Structure formats: C-alpha cells, structure tokens
Amino acid sequence: MFIIAAILCVKVFGQLGYDGYTEWQSGIDRTINRQNKFVEPVYPLQMFTRVQFPRQFSRRPQVLLMHEEIEWNKNRNINYQTFVSDVTVKGFYINYLINGPAIIPVLRVRWVAFVDSEAEVQYVNYQFEDLIRLRQGFGTRFQDFMVQYYLKYPTPRVVAFIVGAEIEVYDSLTTTIQIQLGKPTGSATPVRFLTRDRCHINTLRIAYFISSDYSTLMGTLGSSDNHFNQFLDNENRMKLRVQRFEREVPSTFIFESHQNVLAQGITGFDVHSRAGNFYIKVGGEYVDKKSSTYHCAYGTRGDTVLQYMEVSYILHPPALPPYQMFVEENVTENQEESKIEEQQLLDKSLIP
C-alpha cells in the first residue's frame with residue numbers, strides 16, 4: 001500500500017491587503033478514512049462531501065485542492081480523481097471518483113479558498129491521448145506542455161499539485177510521477193511530466209496555483225536529483241527516515257504567526273517497496289517567531305524505499321496592521337475536532 005501525507009496546522013483568517021481586499025480560508029477533509037466502503041469497495045466508487053466555510057466570503061471564492069495523504073495497494077493500477085463543484089460564498093463540494101483496481105482506504109485533502117485578484121487556480125486534465133510518451137514504453141520518459149493564464153500577471157509564480165491520476169504499475173518496479181515547471185512568462189508556463197521504468201501514466205489531473213502577490217510565498221521542495229536524499233538511510237526499517245527543509249520568511253509572517261495559512265501538497269514522488277506497505281509522510285510547522293524560519297520535512301519508514309519526494313507549499317501571512325485582522329471567534333464543532341486531530345498529528349509528525 002502507498003501512503004502519502006502532509007501534516008499541517010491552519011487557522012482561518014481574512015486579510016485587508018494594501019492593493020485591495022483579500023480573504024483566505026483553509027481546512028481539511030477526511031471523507032475517505034478507512035471506512036468499510038473504501039476498504040472493500042465496489043467500483044466505480046463516487047462520493048462527495050459538503051464543505052461549509054467557517055465564515056462567509058464577500059463574494060464567490062476560488063478553491064484549490066491538494067492531497068496531504070493517500071494510501072493505495074502496491075503492484076495494482078490506481079485510478080482516482082478529486083474535484084470541486086458548486087462553489088458559493090458559503091461553501092462547496094469535494095467530489096471523489098475511484099475506479100480501481102487499487103484500493104484507496106485513505107485520502108486526506110487540504111483545501112484553500114480565497115478571494116484574491118492576484119491569484120488564480122486552474123485544474124487541467126491530461127487525457128490518455130495527450131500522454132503519448134508517458135502511457136507506454138519503458139525507461140525514463142518525459143512530455144512537455146504549456147499552462148496558459150490571463151495576461152494580468154506581469155511576474156507570475158506557479159506551483160502544481162497532483163489531484164488525480166490513472167497509473168499502470170503492474171510490471172514496474174517503481175511508481176513515479178515528477179513535475180518540472182519552467183520559467184513563467186506573462187501568459188504561460190512550460191511544464192514537463194516525467195516517469196521511469198515501466199510505470200505508465202494514462203491520465204493526470206493537476207491543480208495549478210498562479211499568483212503575482214508577493215505577500216504569498218510559494219515553491220517546491222525536494223527533487224529527483226537532490227543529493228540530500230542519501231540521508232534517508234533506506235536500510236533502516238525500524239524508525240522514520242527524515243529529510244528536512246527550512247525557509248527564511250519576511251517579518252509579516254512573525255506577527256500573529258498562528259494566523260498564517262500554511263498549505264502543502266504532493267507534487268511528485270518515486271517509491272517502491274521490498275515487501276509490505278508503502279509509507280510516505282510530509283510535515284510542516286508554523287513559522288518560528290525566534291528564527292523567522294518555516295520548517296518542512298518528508299520521510300518514510302518500514303519497507304518503503306523513497307527515491308525522491310516533491311512537495312509544493314503556499315504560505316500566506318496575516319493582515320497588517322493588526323486592526324485589519326478578522327479572526328473567527330466562534331469555532332464550529334467540526335473545526336474543533338479538526339484542530340485536535342491536527343495537533344495530534346503534529347505531535348507524531350516527522351518534525352521534533
């Protein structure tokens with residue numbers, strides 16, 4: 001089985017920026033969490049869950065999905081998708097579609113909703129007929145595409161998240177997806193998808209987040225050629241093997257740092273297993289007030305061999321000055337349970 005996870009703690013807030021009004025909220029959905037219908041499924045399996053925003057937006061927001069955790073059978077083809085529908089100022093639906101044959105007993109989804117004139121979300125479906133080089137052959141293969149967006153972003157930045165795929169792995173030693181983003185222009189960004197061995201990628205669903213707001217930090221950690229991966233010590237099966245990353249952040253993230261929106265999701269991975277289950281975990285922490293540093297880590301344990309891992313992140317600071325901060329005072333029961341769960345996960349996270 002595969003498990004891919006990102007552990008975060010997020011508090012909802014709104015912000016008055018200097019260039020206009022922006023609102024940001026975030027949360028987690030764990031609709032698929034080892035219930036019988038997912039452990040012993042009947043395909044095709046379709047589900048949806050209604051997400052209600054903790055506080056109503058001033059206008060209809062955009063919603064970005066990313067996967068923090070996913071588990072599926074080893075040596076079985078995987079076919080799943082997640083997508084957003086019926087977005088209003090009060091909430092939206094997350095839709096799940098699983099076609100098997102791999103069982104997906106766990107799928108943890110992070111959502112980020114925002115009203116921001118300098119940011120955009122695009123969901124792109126790459127179909128079977130598009131992925132000519134990736135859906136057949138063997139060895140290292142790649143295929144290039146372009147992501148188009150509006151000309152309103154003079155100096156855009158782009159990150160990508162995998163939110164669906166159909167992958168054939170029966171004859172492959174590895175399960176591999178890698179995304180390489182080129183230098184953005186004012187209207188498009190080149191993107192390259194890579195795989196290797198006999199891993200065949202038939203379809204991909206990618207969520208792109210595009211922003212020219214420099215109060216939002218974003219980027220990708222880890223890569224296939226990252227020499228730091230040697231410290232994962234794949235021979236040690238008794239404990240977590242961890243790779244850590246740090247990033248210095250501006251002072252705007254230190255003031256009321258618990259109000260920051262931190263979101264991380266899976267961008268790429270290359271894993272195989274000698275025996276038993278697969279396990280991959282990603283962890284994140286709030287910005288440290290003393291060191292002005294954002295911490296992130298990924299790792300694995302057990303029989304999983306992690307060749308590389310890529311995680312994309314989005315960091316959004318609280319509003320300045322303080323009287324422009326909007327903090328939700330009444331926390332719903334679901335929010336409270338989510339906060340307790342997130343703290344428990346952080347206590348057990350990869351980051352001490």
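Modeller: Arg192 and Asp144 bring their side chains together in a salt bridge, with N and O 2.6 Å apart; the term stands for a side-chain nitrogen of Lys or Arg within 4 Å of a carboxyl oxygen of Asp or Glu. Arg192 belongs to strand β13 (residues 188-195) and Asp144 to strand β10 (residues 141-148), so that the pair links distant parts of the chain, 48 residues apart. This is a predicted model, in which local features need pLDDT of at least 70 and side-chain atom pairs count only at pLDDT 80 or more, while totals for chains, interfaces and linings use all residues. Numbering runs from 1 along each chain as its sequence is written, and side-chain values rest on heavy atoms, with hydrogens and water left out.

Strands, like helices, are DSSP runs numbered from the N terminus (E, at least two residues, for strands; H or I, at least four, for helices).

A second pair to look at is Arg196 with Asp270, whose side chains form a salt bridge with 2.5 Å from N to O. Because Arg196 sits in the loop between β13 and β14 (200-211) and Asp270 in strand β17 (residues 261-273), this pair ties together parts that are 74 residues apart in sequence. Here Arg196 is partly exposed, with a relative accessible area of 30%, whereas Asp270 is buried at 2%.

Arg196 is also one of the residues that Arg141 touches, and among the others are Gln136, Phe193, Leu194 and Asp197, where a contact means heavy atoms within 4.5 Å. Arg141 is placed in strand β10 and is buried, with 9% relative accessibility. The side chain of Arg141 comes to 3.1 Å from the backbone oxygen of Gln136, and one of its polar atoms lies 2.9 Å from the backbone oxygen of Gly139.

Altogether the structure holds six salt bridges. One of these joins Glu68 to Arg110, with the closest N and O atoms 2.8 Å apart. Since Glu68 lies in strand β5 (residues 62-72) and Arg110 in strand β8 (residues 106-115), the pair ties together parts 42 residues apart in sequence. Both Glu68 and Arg110 are buried, and together with Arg108 they are linked in a network of salt bridges.

To set these pairs in the whole chain, there are two helices and 21 strands, and buried residues make up 57% of the 352 residues. Of the contacts between residues at least 6 apart in sequence, 82% join residues at least 24 apart.

Finally, consider pLDDT, the predictor's confidence in each residue, from 0 to 100: the chain averages 78, and 71% of the residues score at least 70. Confidence is highest in strand β7 (residues 91-98), at a mean of 97, and lowest in strand β21 (residues 326-327), at 36. Residues 6-19 have pLDDT below 50, and beyond near neighbours in sequence this stretch has 72 contacts in the model. Over residues 319-335 the pLDDT is likewise below 50, with 30 contacts beyond near neighbours in sequence.

Notes. Buried < 20%, exposed > 50% of the residue type's maximum accessible area, 1.4 Å probe, protein only. Polar contact = N/O pair within 3.5 Å; in protein donor to acceptor, adjacent residues only side chain to side chain. Lists of a residue's contacts leave out its neighbours within four places in sequence.
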